[in-house]
Amino acid sequence: MKNANRTTGLVCCLTAAWLCAGAAQPVAPSSEPSMPVTAAGLRDWIGQMKDNRGLPYLIIDKRSARMWIYDRSGQLVESSAVLLGSAIGDDSVPGIGARPLARIKPSERTTPAGRFYLEKGTNSEGEGVFWVDYDAAVSLHRVRPGAPGDRRLQRLASATASDNRISYGCVNVPIAVFNRSVHALFQQRGGYAYILPENSDIQHAFPFLTPLARRQDSKAKPAQPPPSWKLSP
């Protein structure tokens with residue numbers, strides 16, 4: 001939830017042009033062997049285009065309920081399981097940030113997909129968070145105990161991603177990971193969160209990606225994306 005001391009969560013859409021062959025050359029191999037191909041392609045595009053603008057960033061793959069944290073130079077700092085919105089979906093319901101939790105339907109508890117500027121802020125309970133989308137009251141924060149039946153710590157520790165859907169839309173991060181990596185890297189200048197879609201096309205979440213890649217080389221003809229980079233149904 002948010003408070004009156006607003007810290008704006010800037011949502012900046014990308015494009016799907018990291019799928020173009022000329023813009024997707026690997027910059028630095030990931031040390032995380034289980035990183036999905038789509039997430040690795042986005043990571044390589046960010047490095048190639050310097051899209052993080054000299055700031056730290058993180059990539060969240062909702063399908064695997066996992067996050068990869070990178071420093072300003074694009075080096076992998078840490079990866080971790082995360083808890084996400086309990087509902088499947090890639091958009092926040094308009095006006096949801098102004099509603100009390102009791103009025104948010106189970107089907108509306110989504111974690112939005114896209115490119116977001118993470119800015120340090122404080123929620124209504126005085127807890128330090130990083131806003132993903134302030135207007136939708138979606139933030140990235142330390143995992144909370146929740147209700148006794150939530151078993152949030154156990155969900156984070158499980159080997160499966162299917163039980164990591166429990167929040168109202170916020171991204172819950174293990175406390176130690178938040179303190180040593182997220183807070184340490186993002187507290188001064190913020191950074192970016194790239195959240196991959198789970199049931200919509202990649203262009204829906206990153207609609208400006210193709211123009212960015214084409215501007216890199218206006219004479220290059222866009223190539224067809226490798227099939228392995230497409231989101232599976």
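Which residue forms a salt bridge with arginine 180, and how far apart are the closest N and O atoms? In this predicted model, the partner is glutamate 78, and the closest N and O atoms lie 2.5 Å apart. The two residues belong to distant parts of the chain: arginine 180 sits in helix H3 (residues 175-186) and glutamate 78 in strand E3 (residues 76-81), 102 residues apart. Arginine 180 is exposed, its relative accessible area being 52%, where the cut-off for exposed is over 50%. Glutamate 78, in contrast, is buried, with a relative accessible area of 14%, because buried is taken as under 20%.

The search of the whole structure returned 10 salt bridges. One of them pairs glutamate 198 with lysine 62, with 3.4 Å between the closest N and O atoms. Glutamate 198 is located in the loop between strand E10 (191-196) and helix H4 (202-205), and lysine 62 in the loop between strand E1 (57-61) and strand E2 (66-70), so this pair ties together parts that are 136 residues apart in sequence. Both partners were classed by accessibility. Glutamate 198 has a relative accessibility of 9% and counts as buried; lysine 62, at 2%, also counts as buried.

A further salt bridge joins the side chains of glutamate 108 and arginine 99, with an N to O distance of 2.5 Å. Glutamate 108 counts as buried at 11% relative accessibility, and arginine 99 is likewise buried, with a relative accessible area of 17%. Elsewhere, salt bridges with shared partners connect Lys62, Asp90, Arg165 and Glu198 into one network.

The overall fold was described in the terms used for the individual pairs. The secondary structure of the protein consists of five helices and 10 strands. The protein has 233 residues, of which buried residues make up 50%. For contacts between residues at least 6 apart in sequence, 68% join residues that are at least 24 apart. The accessible surface of the protein amounts to about 11,100 Å², and carbon and sulfur atoms account for 53% of that surface.

How values were computed
Residues numbered from 1 in each chain as written. Predicted model: local features only at pLDDT ≥ 70, side-chain atom pairs only at ≥ 80, totals over all residues. Heavy atoms only, no water. Salt bridge = Lys/Arg side-chain N within 4 Å of Asp/Glu carboxyl O. Helix = DSSP H or I, 4+ residues; strand = E, 2+ residues; numbered from the N terminus. Buried < 20%, exposed > 50% of the residue type's maximum accessible area, 1.4 Å probe, protein only. Contact = heavy atoms within 4.5 Å. Areas by Shrake-Rupley, 256 points an atom, 1.4 Å probe, with all protein chains shown as cover.
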